[in-house]
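I opened this entry to keep track of what I looked up, going from the whole chain down to a single residue.

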Amino acid sequence: MKIVAEVNGETFLRFTGSLGASTYSLVTDEVETTISDGLSAALQTPVTIEPAVLYKSQTTGGWPAYQALEQAGYGLLPPITETTLIHAPGAFGLGAGVGEFVSAGSVSEAAPGFLTSANTIYHPAKGFDRHAEDVLAVTRAAPNRDASVSLKLRGEAEVMLVWSRDASTLTLSQGGQLIGQVKVPSPQKYQLLAVAIAWDSITVWTDTSHSQKFNRRLNNDAELETASCSNTLGIHVSQHEPIIGDYSRNHVAKMVRQTPPKILASAIATEPLSATRGFENVEAAEVVTAWCNATLSTVWVDEEGTLVMAARDRLASSSSVVTDVVSERVFAGSWQTARDGVRSLVRVNHLVPSADDGAWAAGRGGKSFTGAAAVAYDASSSTPLTQNSDNVQFINWEDNVDVIGLDTNYRPIVNAKKKIFDWDAFNKLTGSWWAISFENNEQPPGWRWTGGEPQHETLTGKLEKLGQRGVKLTHRVDTVKGGNGKTYSLVAPSLGVGTLGQWAWGRPMPMLRADWVVTWEKKHFTAYSRKSGAGVFTLDAGWYVTAKDARKVAESLAQEIGTERITFDAISMLWDPRKQTGDTITLNAGRWVAECIITGSRESWDGRVPTVSYDLEAKKVTATSRSEEAAAPAVAPRPNRPGSDDRGYVAPPVPRPNNPGGEGGGHVAPVAPTVRPILDMSEVRDYVDKQQRILDAKRSYRARMRSIVPPTYFYPDYWKPVAEQNWHTMAQAAEACPFLIINPASGPGEGPGSPQYKDFSNQLKLNRGEYGQKIYGYVRTGASIGEPRDLETLFDEVRKYIDWYDVDGIFWDEAYNGWGDQAGKEEFHHRIADRFNALYPWMPTIVNPGANTTAGMVGTGWHMMTFENEASLYLTDKYLVQEHYKGQPRQMFWHCIHDIAGFEQAVQVLRLADTLNVGILYLTDDTIWETKNGVRSRTANPYDRLPAAWLWRLQIAWAKGELEDYLTQVDILRQNLAVLESVRAPAEALNAARLKIQAMTGGN
């Protein structure tokens, strides 16, 4: 049903919905019938959203919520069923809910919130065989564009259906050969494209009721290989038995919605997701509400019955639809208002995925492989089995782990009775496997596979998926005559194993693999407002935003929460059909003008006069008498506790989250933009307080004891034996080694999803997570070796480090020193520092000119590396300390000395450092010299390893103030050796004494 208002001959659509139950009152002789927009009831639909990996599909956080609304009946495409091969809605990106996104051409917006491309390609879901079944593809064309759908069956030429907007025709072809054309008598704005391929014909639909069949014989067992679409709003492909004659017609008939939902996607959180989590058998409302709360978005059905999914910042940026002149009593408080207090900082909690596809293990680097390769479960010990009964095992994955595309083709490595000897297939490191062996009681010891004769054991293994988070495994060993005294276990054989890789001999089983195993790690980003001591606003964004977007949201919110807000509730005025929930209107009170979002309304009658009361969120308030205006922001939170200080009327934050789908139009949770009040002395004091906190943090950090910090330009090594791990050595010295540098590829390198990112992330879990070491990201400025890099490029790398690794600081390499031909160029580094400090005032930085600097470089970083050269030059350098360095904290200066030539020289260097104002040091016997083709040059990397163990221990002792104790211990050991030599002690005692000295000095 629809409710339409008519004013002066002009009609306004007021409501679209349906009639509900009716009740009759005997007292009043009236019938009351409920009406509903249907959203609340639809949101009670049980839905399941599978977790997904979405690389390169440009899919953003609203994608799972839209899938839930699709299953609740609000989608443009038919719902997902057990016959669905591909389902990609196009909303919030090109990701596939069923099947796999492969690639896309030039991407553009087909309709608000819907993406399309010139050629989007998908692979169908696995496990579908085609036995003379029909293949059906349906979608709708983007408005005002030509569009096409293509289906490629194995061994057949591609079948293509093309929509020509100008000619209003649908053209069907195969392999470039024309099959036929259909004229569409009444084209739709979002034209239907539907094509069904049977074994003897191809059918094309012009609308949901009319179709035309073309005779065409194709291989009835040819399976779908790819489907592609161009300029469409997603695609849905399914296959079904041809015996169900009306299936295709009924499926196409479900395309009744001729216009898509209206999506107002965020202009702030725009980064595509690499993965999403799943929901299993929950009400659609749970999925939608989770997204609304995490992203501060809202969902409702408008007066035309169109579903709206809106981001708060998009609502805030909308223009006003109408201006009402009202009494100034509005601003004097004649209507109920609500005020919200301020906050000092914003904390955005979010989850960062690490997706493993098993490529490293399966050898994808330069080699191709097929099948699931990511390890979802790897038994750590063998499981004994009871004979002649089901041995049941339940495996559940951790809450922070998603297993996607689990290989359910559960196979035995060896089952002689069934003539299965899959040694080579198992060696490929793909697939899910089991193995049952018995312990050999004779020589040689080990595990044997069972025989293949009728009298031998019968082995079975079965895998059953238990939803998204677990499996049930059942294994049996059936013996012919009951128990036989043998011990059977889930373990790979180790005897008579043919070509089975040695690494698998006697390996505990089972081994389960999947297409992807995604591990989610908790992260957070904090941003500060201008108001100190006022509490924290926390947003749990979950996995709906990327690390980069979490930073942007936090920084946007932080600009607003230091200012008080106001909302207007239940403002009554004359009814106006032009105003709808979610619209922006302007209230003009003469001296004050307020631009507001309608967040809710209640219509009624005052006698014969229609009235309405509105709930409003002020976006901008202007005092026209003094030309004071408050600018609209991007996003704004609602602080946890209300408060006020009567400094004037300012824009409010959003109201508490509303349940989506409320009947009667519901409430919207719109954005509340920032309003900048007139600066007063309290704000000045707040600003000074904040700067003082930053200064105190710097002083506290610099006041720590001396430190040893290597330029850690080497790759993670957490998988090596502990004794061979450079990073573990540094972690154990965390007390003296407070921070480290990561340098994936002369910069942040490849991001989430890459092996490089996974390795560095795992390494940081150990060094930072377990040992508390701070992490700095390496950024090369290019200044001292050529042309300096532009600031946008530098800060893009900074953002990547923060988004990907949540670094604690930045290391600026290749800096100017200000001398010679670099004179006067220090301003470049001051520009970097000014911009960095404005964005991240709490985050320390290191500047590396590699030599002493002019006074102009002081203040460009918290720390400066003012020496980076050989030990022999360090001992003779007369300019290590400049006059302008005096009075600076020692922790400001960092000296890196390589080519240490032995214990005595190392001690000389440390004693010299004791006389200098230097707080951070690093000594290494690694060298910068190398010889190539007989030519010796300074081209080697002196930081590709840690120094010898004795040199590492020596400098750690210096940092802890224990150098003299260390040297005394060396003297004692040398004296003991001299005594042993004088009495001609046994060689064993002499060698032991020499080894102790060597461990502390590197020699005798």
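I began with contacts (heavy atoms within 4.5 Å), and I found that, among contacts between residues at least 6 apart in sequence, 72% join residues at least 24 apart. I noted that this is a predicted model, in which local features need pLDDT of at least 70 and side-chain atom pairs count only at pLDDT 80 or more, while totals for chains, interfaces and linings use all residues. I also noted that residues are numbered from 1 along each chain as its sequence is written, and that side-chain values use heavy atoms, with hydrogens and water left out.

Next I looked up the elements, which are DSSP runs numbered from the N terminus (helices are H or I, at least four residues, and strands are E, at least two), and the protein has 19 helices and 59 strands. Buried residues (under 20% relative accessible area, with a 1.4 Å probe and protein chains only) make up 53% of the 1004 residues.

I then turned to the nonpolar cores, each a set of buried Ala, Val, Leu, Ile, Met, Phe, Trp, Tyr and Cys residues joined through side-chain atoms within 4.5 Å. The largest has 106 residues, of which Trp-894, Leu-921 and Leu-954 touch the most other members. Apart from it lies another core of 45 residues, including Ala-111 and Val-518.

For helix packing I looked up axes, which are lines fitted to C-alpha atoms over the stretch in contact, with angles running from 0 to 180 degrees between N-to-C directions. The axes of α18 (residues 963–982) and α19 (residues 987–1001) come within 10 Å and cross at roughly 160°, so these two helices are roughly antiparallel (over 145 degrees). Among the residues making this contact are Leu-973 and Leu-977 of α18 and Ala-993 and Ile-997 of α19.

Helix α9 (residues 547–558) and helix α13 (residues 791–805) pack with axes 8 Å apart at an angle of about 100°, and α9 and α13 are therefore roughly perpendicular (65 to 115 degrees). Here the contact is made by Ala-547, Lys-548 and Arg-551 of α9 together with Asp-796, Arg-799, Ile-802, Asp-803 and Trp-804 of α13.

Leaving aside neighbours within four places in sequence, Thr-781 is in contact with residues including Glu-787, Trp-812, Phe-828 and Ile-832.

Note on methods. Parallel < 35°, antiparallel > 145°, perpendicular 65-115°, else oblique. Buried < 20%, exposed > 50% of the residue type's maximum accessible area, 1.4 Å probe, protein only.
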